Structures are given as structure tokens and as C-alpha cells.
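Colleague: Could you walk me through the labels used for this structure? I would like to see what stands behind each one.

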Amino acid sequence: MKTHLLRYFVVLAEELHYGRAAAKLSITQPPLSVAIKALEDELGVRLFERNAKQVQLTEAGAAFLVEARRVLGQLQHAADVARQVAEGRQGQLAIGVAASMIYRDVPRVLQAFARQRPDIEITLHEMSTAEQQQAVARGQLQGGFVNIVTPAPGLDSCPIAPEPLVCCLPEAHPLAGEAEIDLRALAHERFVMFVREVSPAHYDDVIACLHSAGIHPRIHHAVRQWFSVIALVAMGQGVALVPACMQRAGMAGVRWLPLQRDGGRPALTAGAFVWRAPAASASLQALISVVRER
């Protein structure tokens with residue numbers, strides 16, 4: 001059934017006059033008559049009773065009017081949704097997030113985006129940096145908040161403010177009561193580290209920081225989650241360098257000490273939002289704009 005036949009029928013049902021209905025549709029009366037006859041033939045029922053003086057809906061026509069309005073309304077809604085999605089005003093985004101990013105700028109970015117685009121739904125998927133980049137490259141995610149400086153080939157990125165590294169110690173550690181710590185005091189400690197393949201950039205940041213202090217760390221455990229790193233430190237299994245934002249997780253049994261700088265550069269770990277270039281959807285472009293603003 002052709003959509004224009006439904007529209008012609010509804011207008012005639014509302015006007016109950018061929019001349020007025022044709023004028024409202026910006027057509028002449030003969031094509032309207034032909035269209036209504038074609039619709040009645042297709043349905044196999046009479047929709048109107050006509051005589052020289054008036055046009056009236058039949059009982060079948062009145063019932064069909066209710067359904068025709070519903071169908072046309074749904075078609076209009078579908079068209080509106082398509083336009084809004086194309087314009088980045090409505091839709092869904094699947095976005096990855098590394099665990100530490102939840103305690104960084106990500107919540108504020110998402111809140112700002114929700115205020116600007118309340119009809120775009122974002123679903124977060126917690127993944128490692130490596131997993132996110134693979135998922136974005138394959139189109140399984142539209143973007144991801146990761147711990148990197150340089151994205152994988154085929155991906156574009158927007159940097160997020162770097163996060164300082166701090167030392168995470170067991171609360172019973174002899175140095176736990178200090179105001180800050182000189183990394184050289186940890187030269188003989190065992191270190192709890194991330195597996196490099198999970199977050200190469202963070203692993204390299206920590207190793208570079210330790211090497212700058214002349215430390216070649218003894219890696220006692222290699223884990224895949226920040227919470228595992230902190231939990232192992234709390235159990236006395238070693239010490240760790242972690243992003244300062246992880247203090248917001250509120251885990252017990254550890255102490256957090258800033259690193260002494262001695263006039264040098266602060267120890268930082270990078271962050272970025274990545275997506276597959278080019279950013280095709282308007283909704284993703286809107287999110288990228290918010291990340292850049294933040």
C-alpha cells in the first residue's frame with residue numbers, strides 16, 4: 001500500500017469534501033478521486049458514501065481512519081528519529097573506558113555531554129586500553145577512554161589531562177607516615193605492576209619513572225586491574241606507582257604518598273579519547289567536541 005494513498009484518504013476523511021481536500025493536498029480533484037478508488041479497490045471495501053451533495057465515511061472508513069492516522073504518525077516519528085540521529089541529536093554510543101579513567105575526567109565529560117545531548121544514550125564498557133583499541137578499530141565500540149599518548153594505526157585521538165603518579169604503600173610500611181617519598185628509598189622494594197600488554201603506555205610511564213631514580217624494579221606480581229594492584233599492596237605484597245585519581249576509589253589498607261620532584265618534571269601518566277578515523281556519526285563528533293572542551 002502506497003503511503004500517499006493513506007495521506008489522501010486521511011485528508012478527505014477530515015474535510016469530507018473533494019474540492020477542499022484536493023486544494024489542501026495541492027492537487028486537482030480527479031487524481032484524488034482516482035487515488036481513493038484505488039485504495040478502496042486494494043482494501044476491497046467502501047471507505048466513503050458519496051452523492052451529489054455530501055461525502056460521508058462508512059463504518060469501515062471510520063475504523064480505517066484510526067489506523068491510517070496511527071500508521072502515518074509512526075512513519076513521521078521514524079522520519080524524525082532518522083533526522084535527529086543524522087544530526088547528532090538522538091542515538092546511542094558504545095564507549096570503552098579503562099578502570100582508572102572512571103576516577104579521572106570521564107564522569108565530568110559524560111555529565112557535560114548529557115546536558116548538551118540528553119537524547120543520546122552512552123553505554124560504557126570497561127576494558128583495558130589494548131582491548132578498547134581493538135574494539136574501536138573493529139567498529140564494536142565508537143570510542144574509548146584509554147591510557148595512551150599515541151593511538152594505534154587507523155585511530156584518531158584527543159588527549160586528556162595527564163594524571164600524576166603517586167606511591168601506593170601498605171599502611172604498615174615504615175615509610176607510610178611520610179608526607180612525600182623519594183623514589184630512591186624504594187630501590188629494594190618489590191613492585192606490583194600492570195601486565196604490559198594490558199596498558200603499555202602506563203607500564204612504560206612507571207618504568208621510565210623508576211629508571212629515572214636509578215631503580216630497576218623487582219616485579220613481584222603482574223596483574224590486569226587497578227583494584228588488584230591496590231589490593232595486593234594492602235596485603236603487603238609490594239608497593240606500586242599508580243595514578244593519583246585511584247585514591248578516590250577509597251580502598252582500605254594503603255597509604256598514598258606524593259613523589260618528591262627535586263626540581264624535575266612530575267611523574268605523569270597519559271590519557272586520551274580514541275575513535276576510528278574519520279568520526280562518521282554526528283553523535284560521536286558531538287562527544288569528541290565535549291572531550292576537547294574539557
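Modeller: Happy to; we will go through the labels one by one. This is a predicted model, where local features need pLDDT of at least 70, side-chain atom pairs count only at pLDDT 80 or more, and totals for chains, interfaces and linings use all residues. Residues are numbered from 1 along each chain as its sequence is written, and side-chain values use heavy atoms, leaving out hydrogens and water.

Colleague: Why is Glu 15 called partly exposed?

Modeller: Buried means under 20% relative accessible area and exposed over 50%, with partly exposed in between (1.4 Å probe, protein chains only). Glu 15 has 22% relative accessibility, so it counts as partly exposed.

Colleague: What makes Glu 15 and Arg 20 a salt bridge?

Modeller: The term needs a side-chain nitrogen of Lys or Arg within 4 Å of a carboxyl oxygen of Asp or Glu. Here the closest N and O atoms are 3.4 Å apart, so the pair qualifies. Arg 20 is partly exposed too, at 45%.

Colleague: And how do you know that Lys 37 and Asp 41 form one?

Modeller: Their closest N and O atoms are 2.9 Å apart, so they meet the cut-off. Both lie in helix H3 (residues 29-43), four residues apart, about one turn of the helix. Helices (H or I, at least four residues) and strands (E, at least two) are DSSP runs, numbered from the N terminus.

Colleague: Why is strand S3 (residues 91-97) described as largely enclosed?

Modeller: Six of its seven residues are buried, so the rest of the structure largely encloses S3.

Colleague: What makes S3 and strand S4 (residues 120-126) a pair?

Modeller: Pairing takes at least two DSSP bridges between strands. S3 and S4 have seven, in the parallel sense, so they pair.
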